[in-house]
Amino acid sequence: MTMRKRFKALLVLTAAGIATVAGLTTLDNPFTRSPQASTTAAAALQDAGLITVVDGTTTYNIEAARAALAAVPVAAPTHADTYDSDAFGQRWKDIDRNGCDQRSDLINRVLQDITHKPGTNDCKVTSGTLIDPYSGERLELTTETLSTDVQADHVLPKSWIWRQGAASWTDELRITVANDLDNLELVTSALNSSKGDSGPAEWMPPADSYRCEYTFRWVYLLTKYPLTINTADRDALASTIATCDAP
């Protein structure tokens, strides 16, 4: 399936998500994050018709997620022995050209109670509070601990993306996915290390209450980019989608 067809399918899912109320199920958001973070993180999923967020409550469109996942071609991973992180270009490239690198954009997006270093155009954060969505842990961060205690996780790891299609992409598309804020989340260094390059069959966030959002982000990103998925990871996503209905 071409990227254009993928995006066309995504628009169809959006319309279906708006029209088919019966296909929606509701769960309360387990964590309180800054309004900017919640709005930004959820905007793409809402635009795709996969979720709605109203007054802190997330509604998951189960049927839209299943349809989106079914549209992703199934294929075994390839090119594992040729993976090179440099193929994804400059780390944290300022692809939106707002004057801040992508890691700084991510930190500004997800932290609460932020302070900035003067003269950095509000790019350089010196302190703030993170609610790690993967664990629910609360961290009070400083300039030092922002460098040591947290890392930017690629929701779809770069080496996973490489094995499921990116080996044949253009350099420009690989740079885009590596710096796409929809594919980035700020989490503790320990959790990012434990995840490594694992797909959903091998790793899920330890906070059960975040697994639906994590899964739906995977589904959205698989549809956004020309990727395939291996059978084990597809089955893991499908299994989690089935649990994302109202208690």
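How are helix 3 and helix 9 oriented to each other: roughly parallel, roughly perpendicular or oblique?

Author: This is a predicted model, and the part in question is a packed pair of helices. Two packed helices are described by the angle between their axes and the distance between the axes. Helix 3 covers residues 62-70 and helix 9 covers residues 211-224; their axes lie 9 Å apart, at an angle of about 45 degrees. Angles under 35 degrees count as roughly parallel, and 65 to 115 as roughly perpendicular. Helix 3 and helix 9 are therefore oblique to each other. The crossing of these two helices is left-handed.

On the side of helix 3, the contact is made by Ile62, Ala65, Ala68 and Leu69. Helix 9 contributes Phe216, Val219, Leu222 and Thr223. By residue class, the contact of helix 3 with helix 9 has seven nonpolar residues, one polar and no charged.

Strand 7 (150-154) and helix 7 (171-179) each supply at least two residues of the lining. Strand 7 gives the largest share, five residues. The lining of the largest pocket divides into seven nonpolar, seven polar and four charged residues.

Definitions and conventions:
Residues are numbered from 1 along each chain as its sequence is written. This is a predicted model: local features need pLDDT of at least 70, side-chain atom pairs count only at pLDDT 80 or more; totals for chains, interfaces and linings use all residues. Side-chain values use heavy atoms; hydrogens and water are left out. Axes are lines fitted to C-alpha atoms, for helices over the stretch in contact, and angles run from 0 to 180 degrees between N-to-C directions. Helices (H or I, at least four residues) and strands (E, at least two) are DSSP runs, numbered from the N terminus. Angles under 35 degrees count as roughly parallel, over 145 as roughly antiparallel, 65 to 115 as roughly perpendicular and the rest as oblique. A crossing is left-handed if the near helix is turned anticlockwise from the far one by less than a right angle, and right-handed if clockwise. Contact means heavy atoms within 4.5 Å. Ala, Val, Leu, Ile, Met, Phe, Trp, Tyr, Cys and Pro count as nonpolar, Asp, Glu, Lys and Arg as charged, and the others, Gly among them, as polar.
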